[in-house]
Amino acid sequence: MPRVKKVIETSTPAVELPAVEPKTKTSPKTQIGVSLEPAPPTGRVLAHQDLTVLEVADAADLHSLLVDPRVKPLILAVLSSTQALVLPQNSKTLLEVLRKAGHTPKVLSEGGGSAKTTPKTGTTA
Amino acid sequence: MSQNSKQQMVSPRDLIRILAERGIVVAELNALSARAVDQLTLPQVVAMLSKHPRIEIDPKTGAIGIAPPQKVILLEAFFDRIAADQIKHIATRFNPTSKSKLLADNQKAIIKALNTPKMLEVMLLNLAPFERFALELALADEGRLEGWQLIAAACQSGVELPKNATVSSSATFYRQSLSSNPAARILGVMLRDGLLIPNSNGASWFGQGQSFQSAEYSPEEDRLFVDQRVLNALANLPRQPKLPVLPLNLPEVQAQPSAPHPARIMIELAEVMKLILEDGILALNKDGTFAKAGLTRLRKRRPWLEDRLEFYLEVMIATDLLVQIPENRSQSQKMEFAPNLVAWAEIYNAPLSVRFSDMLVFYMFSDFRTDVSPTSLRKGIADVAIARQGMIAALPLFPKHPVSLELALKALWPRIFRYYSTYLQNYFYREQTPLEVDTSPYFRHEILTTFHEFGILALEKIEKGSQSDKSEYVVAVGKGMEWMAQGIAFHREELLSETAPSGSQNNQNNQNNPAEKCLLIQPNFEILAYLEPLSSAALEVLQCADCLRVDAQTATFGITRQSVYRYLEMGNTLETVLAALEQFSITPLPSNLRSSVSEWAGRRERITVTEHTILLEYHNQKERDTALLKIFSATPVGERFALVNKVPKEAVVHFYSSAPSRTIAFKPDGTFTLEGGSDLAARAAIAAVAKEVRAGVYSIDSEVVRKGQFNATIREALMARVKGKVPLSLEALLTLWEGKAPPPSMAPIQLFQHEYAVALSTHPALAEHFLAPLNSTTLPVKQGSEKALEVALSDLGIMTTNAFRKEVKAVSGQLLTPMQTGLDTRKMRVMIESAIEQKRHLDLKYEEEVTLYSRYGYPEKTKGKIFQEQIIPKKVVYSGSTPYFVGSTLEGNNAREIRIGYILGIAVI
């Protein structure tokens, strides 16, 4: 019996949105959604609280995650070439899937921004 | 509450007077004459006052504060709780000259004695040895003592205890019946005579005159007090020499009993904690037992733990290292426990021996599974927590050399264990000698299980025969006992250090040197940990590795990518891992291990998942960049987003952890519009699967759905935000687009129409050519049977026409539809519901439901007469889970309620 190689569809990431008014021309690889329309009216700011942000060191890493059939359905939207959004209810599943896939994701909690380190969970949780 | 007064406002004499009014009398000042006081300056007075324990002087402002007086126990305050009989006993003890039978006279005699130091001295000099011993203990502990500890101390020191039950079991003290056990009888005399005052009526000394079976052990409730004046009088008498502990005098047995090293217990406990941390939760069955499947799963990951896994899980629950998740937050019906990281971190904040000792004591008196011993052993043991107190009290009596367990139990029972057991209930002979039962088997069981598992007592089994119950054991003091003693000493010093600041330095004497190098780290990623010098700091470092096995003197750990990842996830950094390993490593850290750990840590940095973020969204990049100039520690994301730590005041907030606003309104044709501000999830879902058909109106793109992009996340995000209902047709379309249902069929078909169509279809020559009737006048003809049907009709002399009439009135009667019989209730209910929806009638043959009453008046429903009639069904109703339908007869419009299960035949017409 010839062995059938499993083909994984690698064409599109979870949400592919064209950038509105792109400032710079991006390469096809990184031309992924950076804008979710409709944007709030001018002068208005929206705060989206409690979402989970998946961030990778390299754009290629995100691309490879988005073609992984286990990870792809858990991604709500791609914010930039290295950042994607996940609904809070899918956060736990995402971590399980990533760990099962051999990744060792760093898990942070509370507030994004530059807060890259959390207090020692062993003493403060 | 402290009361402050400003020193500038009063003279020294006034100050002394004011303080004296508040109960502050300084002997040094009191001894001075008024003139001498007037010669003192205010600072001098303040300096003298500062020696009083209740005076607090603020070093900055010089304000004088008065601490509240300590609770002084006076016996007369309890008079309202003491019956006349007992008052007489107290009076006899304190003032033997009082012979009055009147309550008031006896009370006065007691108060007089208590306030006369000479009388108290006489009373104290006449105390029995045990009574004097108890009061001396109370004096050492500022007037209070815990009853069981008093019994323990007396038993350990060999103080002579009252042999006979001198107190009647029917007697009541402080209006409470005495418990039925030897210890309560011993304390009973002192309670009766007012020498000891109980803290609470819920104490285990009281208990319906029978046993303390219903009473739960509580150290605070079991506390006893002594009148302050008695203690003051005792303090003036020469103190009795402190009695040493008298160990059991038993012959040495040549054996080498063994017990797990307490460090091993702490290591294994840490390993179980690692397993639970990896899993997140521990689920127990509804009845609180461990789920077998869960245990097997955990055991697979640490096979060397064997049967001890269950013991450690039990210890962790009992000591609150695992805490139960409230039922409303629990995801399943099971009892779920989560790791208590705060309690776990505390493990490393004190010497290992102290934490070991704390855990042991916590476990002993925990409510969670305090006893798993067989019921047969529980005879004479009313409260496991109290029995375990007795077991702990017995520990110091074990000699240093190995002894026979049986002999030790034989010696310990009359000396200690009997006081921690209870009398058997003896209703008929209450005033006679109470019945005692030998509870040694229970204490034997405790030694063989809990006390051995904790390494407190070492054991060696000596086989005497083929049967296991004939086995004898040799017992010796284990290393755990030493650690337990260190733990108790640590806490005692800690208490002392609260009054003497230098005490904290002494604490260091009780632990292993926290910086001692006790790990041998090898290039094969294995760590050999020596148990004896292991400190809590070293154990904390070992969280970065997984334990592979524990031997008598060492434990072997393995460092893996997963274990390092877990350690980093606990909030540690690469630098701390390497520094900590280096700190405890006997040899220099192998370079390959250093590089691998660095690589594993680096790999963790490649993917970051940040939960509970605050993502700001602006109109465009320019607005975002301008706004970020004013926000501290914000990270720009994409073109017009930013991650921040705090929500700005002006922002409109969308929460994603709670139910979202419903902003998507579908129309019957499957298109939808956005009403109000939609959040990111709604927009992402629309962007992913919808297209704009005209300004502001969207429809789901069938092509995108076909490609599989309408995944669970998108579906959930979209459906959660839908206002009202999604049109049924769209649900069906989505199912078809997703390929979850086969495509619909469409084929030309010939119809047979006539008023008697159904009746004709029952003819044997015609029946095979028809499909199920569409209605009472129209039947579809089977594909390919058209010609054959025409021939068959022709043979029967019937000619057909091509004219199709829109409305053909069915002829009523039984001819229309054949009645279906033998259908189950569910099918008939579906038919009736369908008939109601299509506004059609039913031709029914049914049995009526009748209610008969039994001879006892209970109603019983049963079948009655059989009817056949045409009914217009209105609705289906339920009585409990039994379906009925309500309708009316076609003729006469009489109401009917028919039990569907009683229908014998049904036809929809």
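**Entry 1: strands β7 and β8 of chain B**

I started with β7(B), which is joined by 2 bridges to strand β8 (residues 223–225) of chain B, the two running antiparallel. Strands here are DSSP runs (E, at least two residues) and helices are too (H or I, at least four residues), numbered from the N terminus. I count two strands as paired if DSSP finds at least two bridges between them. Looking across from I197(B), I found F225(B) opposite in β8(B).

Before going on, I noted that this is a predicted model, where local features need pLDDT of at least 70, side-chain atom pairs count only at pLDDT 80 or more, and totals for chains, interfaces and linings use all residues. My bookkeeping: residues are numbered from 1 along each chain as its sequence is written, chains are lettered from A and ligands numbered from 1 in the order in which they are written, and side-chain values use heavy atoms, with hydrogens and water left out.

Back to the sheet: I see an open one of 3 strands, β4-β8-β7 (chain B), with antiparallel pairing. At its edges are β4 (144–146) and β7 (197–198) of chain B, each pairing on one side only. Helix α9 (residues 147–157) of chain B lies across β4 and β8 of chain B and runs at about 75 degrees to β4(B). For such angles, axes are lines fitted to C-alpha atoms (for helices, over the stretch in contact), and values run from 0 to 180 degrees between N-to-C directions.

**Entry 2: another sheet in chain B**

Next I looked up the open sheet of 3 strands with the order β9-β11-β10 (chain B), paired antiparallel. β9 (282–284) and β10 (322–324) of chain B are at the edges with a single partner strand each, so one side of each has no neighbour in the sheet. I get an average twist of 30 degrees from one strand to the next. Between β9(B) and strand β11 (residues 335–339) of chain B there are 3 bridges, antiparallel, and L282(B) has F337(B) as its bridge partner in β11(B).

**Entry 3: where chain B meets chain A**

Then I checked the interface: 63 residues of chain B contact 74 residues of chain A (contact means heavy atoms within 4.5 Å). About 6500 Å² is buried between the chains, 54% of it from carbon and sulfur atoms. Buried area is the accessible area (1.4 Å probe) that two parts lose on being put together, summed over both. I607(B), V609(B) and Y656(B) supply 11% of what chain B buries against chain A, more than any other three residues.

I found 33 residue pairs in polar contact between the chains, both residues at pLDDT 80 or more. A polar contact is a pair of N or O atoms within 3.5 Å; within protein, one must be able to donate a hydrogen and the other to accept it, and residues adjacent in sequence count only if both atoms are side-chain atoms. Strand β19 (residues 607–617) gives the most to chain B's side, with 11 residues.

β19(B) also pairs antiparallel with strand β1 (residues 46–56) of chain A, over 9 bridges.
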